[in-house]
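Here are my notes for your first pass through this structure. Keep the viewer open and check each point as you read.

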Amino acid sequence: MNTKILHILLIMLFFANSAIVNAQEPLNHNWDKQKIKGVRYMPYPPYSGSPFLNDSWVSGKIEFSNGEISDSLYLRYSAFKDELLYYNKEIASHIVIDKASISGFTFVARDGNTRVFRKQYYDGFMNGDRFFEILSEGETDLIVFRKIILANTMPYKGEGGILMDQNYVSAYQYFFYTPEKGFTYVRINTNAFLEKFAEKDQKPIRKLIRKNRIRITEEESLILAWKIVEKEGFKIIFN
Amino acid sequence: MKNSLLIFIFLIILSMSGRTQTKSFYGLYSDRDIYVSGETLLAKIYLPDSIPSRIICLDLVNQNGIRINGVSLAIRDNEAEGYLQLPDSLSSGTYLIRCYQKYNAGKIKTIREIYISSRFDRLEKTDQLKRVAPSSVFPDKKTDMIQISELEKSYPSLSKIEAGIRIDESLLKELDGSLLVSVVQADSSYVSKCYAEQTEQTKSGMIEKKGIIISGIVTDKKNSEPASGITVFLTIPDSIPGFQYFKTQKDGRFFFLLDKYFGSIQAVIQCFGNTPLQRLNVKLDELFAEPGKIPDFRLQSISGTLKETLARNISAVTLRKVFGQNNYAISPYKEKSTEDYPYYGKATHTIDPKLFVDLPDFAEISRELLPGVKYRNYNNEPTLQVINNSTHYYFEENPLILLDGIPVRDLNVIKDMGTSDIERVDICKNERFYGDLRFPGVVAIYSTKKEYSRLPESSQLIRLKLEAIQLPCKLAEPNLTEPSVPDMRQILYWNPATKPGSMLSVQCNASSIIGQFKLSVKGRLKDGTLIFSEKQFEVK
């Protein structure tokens, strides 16, 4: 009998508490979040190669210019046009996000690595806001502009048998960057890397790189070399 | 059995904790107890810990519970401060200022009585006043651990006043947040009462975690049933208009968040039917709390000294009005606006019609000045189309047409607009998206008058003047440079954010007003107890 009463009381209390919880929030999600602005994506010419950094849609987040963050978005970065696309499930549309409205974005690539992009004003040739991927962040950042360009090639038959003479190729540009001193371009080879330091530092840096068995031939070795050199306190000379 | 008992105890504790949160009250302090209509009331509010809302409402109601005006104040570190304008048109009598959070306003409010004498009433008629019945007085404790020193018993008018505030070390450790230190005119025959109104009402609203929430309901005009899936727009007209939208829920309700707006703003809320024939009715919820329970009042005779003070205050306020003085100054808005282009995107073209020859109507303007915009008016049924820059074809649908940022569907609204009516026209010639909304091109017209009179009156459109989050204010500096301007300040010092310290100093200048003044220090302890210390002096 006592157990029965207890169970009835339990049920009553459960409903009383659920009423308290239910009164807190409305049913709608994301109603108070900042909305994404953009234009409809128009497909690029179907040359061979890919204009995108990531061939498929990946889950990521964007940071708006005012610091607000919107996450769980399907993102795709077009390295050809330096623009960020997102897929709006609600209206089933591919949208190019207004570059002016965001300050950066992050996504998790297929290999599981998180890739961070930041919008920065590039004051060199073809100046303007660009998305740079952050390879190493510190007092001086190592960043890359993942540019894909159209290059002339031997004629080939593309989609639908159309004769084409161009393809998408990567033309990545690596920079050291500080907010005060700006950008300095660096090529991927040991000598070009050493040239970024003061003459008196170049010998010990070369020794340091050699000691760590690094040969700067591709992106990973450049990042590794820079991290080791930065740790030892060597500074980049900005021209 | 044992498990059930444990769950039972847990649920009881849970339900009790859910309710105890609402039991804590707000500490509401005003600069003075008696005012004259047309003055400004300065207020400081102490809030209990773990307040989920960012906003607290402060409003003024009369003895019948009718709300006169109100403001929304931002909460920082469980404290809020602001001001309330007391309208010039108020008649003499006791009024109530209330502070509450909208989501639980039905459950808890702190209410303080104040007396307002009308500048235009004759005092001879005023012999009695209504006071809140003494049964429900607010518990704030006088402490002797705050010592006010070096304060003279009297000062000549316009002289310098200096005082020290010594706070006991043991009290310093117990203090929570900042102190309110003020030097204001006071009359010991009228000390206002403050009380907390608590009810067991279970109805809760939305918590204003980020900013002010405006809510309402859309109903179908045909059957008065809630209309779901209707897109409601909120526009804040400006050179870069603010815009939000909300798709109504099953119950027809909609919500908007105003977290980046401050001070008085104009807003337009509107909705359009999902079919051309659907007619809707949009209704906003009350922006402030309902009157609730009004306390009992008792008649009390006015003392001679209070009558004298009232008469002096009326003269002082009238003089201040003549010289255009105010007792507060609004701090300039510091938060940087991050919106540097409108929600409809950067314009492909911006046209200023005044740079061209005068044109009489929009048809002429579109034909002569607006590239890629096709306006036609066949059989008095105007249509507008914008070219798509990507495909080089015209969009088949009407673009998003904006008048001063407000969406317009009836083209008859803009058809008569000539060069003199239009300041600029923004055109976006691509398919734009804003959240889940799609715009097949945009034509945004900015009028020269910005009076929104062209917008048709409709049950689907509400124009309103909103009091968004109040801008911070501080006490206005006395004008000492012009000796011909009388100094009639009743508030000599007001610092609602004084950082506690073992020794504080207060320096201010007395005004030309003579009579009783008091220096008071108010604060809150970590256990929520409100404490105060005060000392009176006279200005002769």
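Predicted model: local features only at pLDDT ≥ 70, side-chain atom pairs only at ≥ 80, totals over all residues.

1. **A loop in chain A.** Start with Arg213(A), which sits in the loop between helix H3 (199-211) and helix H4 (219-231) of chain A. Arg213(A) is not a glycine, yet its phi is positive, at about 55°. Is Arg213(A) buried or exposed? Arg213(A) is exposed, because its relative accessible area is 79% and the cut-off for exposed is over 50%.

2. **Another positive phi.** Look next at the loop between strand S7 (114-122) and strand S8 (128-136) of chain A, where Met126(A) is found. Met126(A) is a residue other than glycine, and its phi is positive, near 60°. Met126(A) counts as exposed, because its relative accessibility is 60%.

3. **Chain A as a whole.** Now zoom out. Chain A has 4 helices and 13 strands. It has 239 residues, and 44% of them count as buried. Take the contacts in chain A with a separation of 6 or more: 52% of them join residues 24 or more positions apart.

4. **The cores.** Which residues have the most contacts inside the largest nonpolar core? They are Ile62(A), Leu75(A), Tyr77(A), Leu84(A), Ile97(A) and Phe105(A), in a core of 37 residues. Pick Ile97(A) and set aside its neighbours within four places in sequence. Ile97(A) is then in contact with Ile36(A), Lys37(A), Gly38(A), Ile62(A), Leu75(A), Leu84(A), Tyr86(A) and Ile102(A).

5. **A sheet of four strands.** Move to chain B. There, 4 strands form an open sheet in the order S18-S17-S20-S31, with antiparallel pairing. Strand S18 (242-247) and S31 of chain B stand at the edges; each has a single partner strand, so one side of each is left without a neighbour in the sheet. From one strand to the next, the twist averages 20°. Strand S17 (residues 231-236) of chain B runs antiparallel to S18(B), and 6 bridges join the two. To see the pairing, find Leu234(B), which stands opposite Gln244(B) in S18(B).

6. Ile462(B) has its place in strand S31 (residues 461-467) of chain B. Is Ile462(B) buried or exposed? Ile462(B) counts as buried, because its relative accessibility is 17% and the cut-off for buried is under 20%. Leave aside its neighbours within four places in sequence. Ile462(B) is then in contact with Ala267(B), Val268(B), Ile269(B), Val282(B), Lys283(B) and Leu284(B). Tyr394(B) lies 68 residues from Ile462(B) along the chain, and their C-alpha atoms are separated by 33 Å.

7. **A sheet of three strands.** Chain B also has an open sheet of 3 strands, in the order S11-S13-S34, and its pairing is antiparallel. The edge strands are strand S11 (146-149) and strand S34 (503-509) of chain B, and each pairs on one side only. The twist averages 20° from one strand to the next. S11(B) is joined by 4 bridges to strand S13 (residues 160-167) of chain B, and these two run antiparallel. Here Gln147(B) stands opposite Arg166(B) in S13(B).

8. S1(B) pairs with S3(B) in the antiparallel sense over 4 bridges. Tyr29(B) has Lys44(B) as its bridge partner in S3(B).

9. **Cavities.** How many cavities of 30 Å³ or more are there? The count comes to 3. Strand S3 (40-46), strand S6 (79-85), strand S32 (473-475) and strand S33 (491-498) of chain B each supply at least two lining residues. S32(B) gives the largest share of that lining, 3 residues.

Terms used. Residues numbered from 1 in each chain as written. Chains lettered and ligands numbered in written order. Heavy atoms only, no water. Pairing = 2+ DSSP bridges. Axes fitted to C-alpha atoms, helices over the stretch in contact; angles between N-to-C directions. Core = buried A, V, L, I, M, F, W, Y, C linked by side-chain atoms within 4.5 Å. Buried < 20%, exposed > 50% of the residue type's maximum accessible area, 1.4 Å probe, protein only. Contact = heavy atoms within 4.5 Å. 1 Å grid on protein atoms, 1.4 Å probe; cavity = no way out; pocket = protein on both sides within 12 Å on 5 of 7 lines; lining within 4 Å. Points joined across faces, edges and corners; volume = space filled by probe spheres on them.
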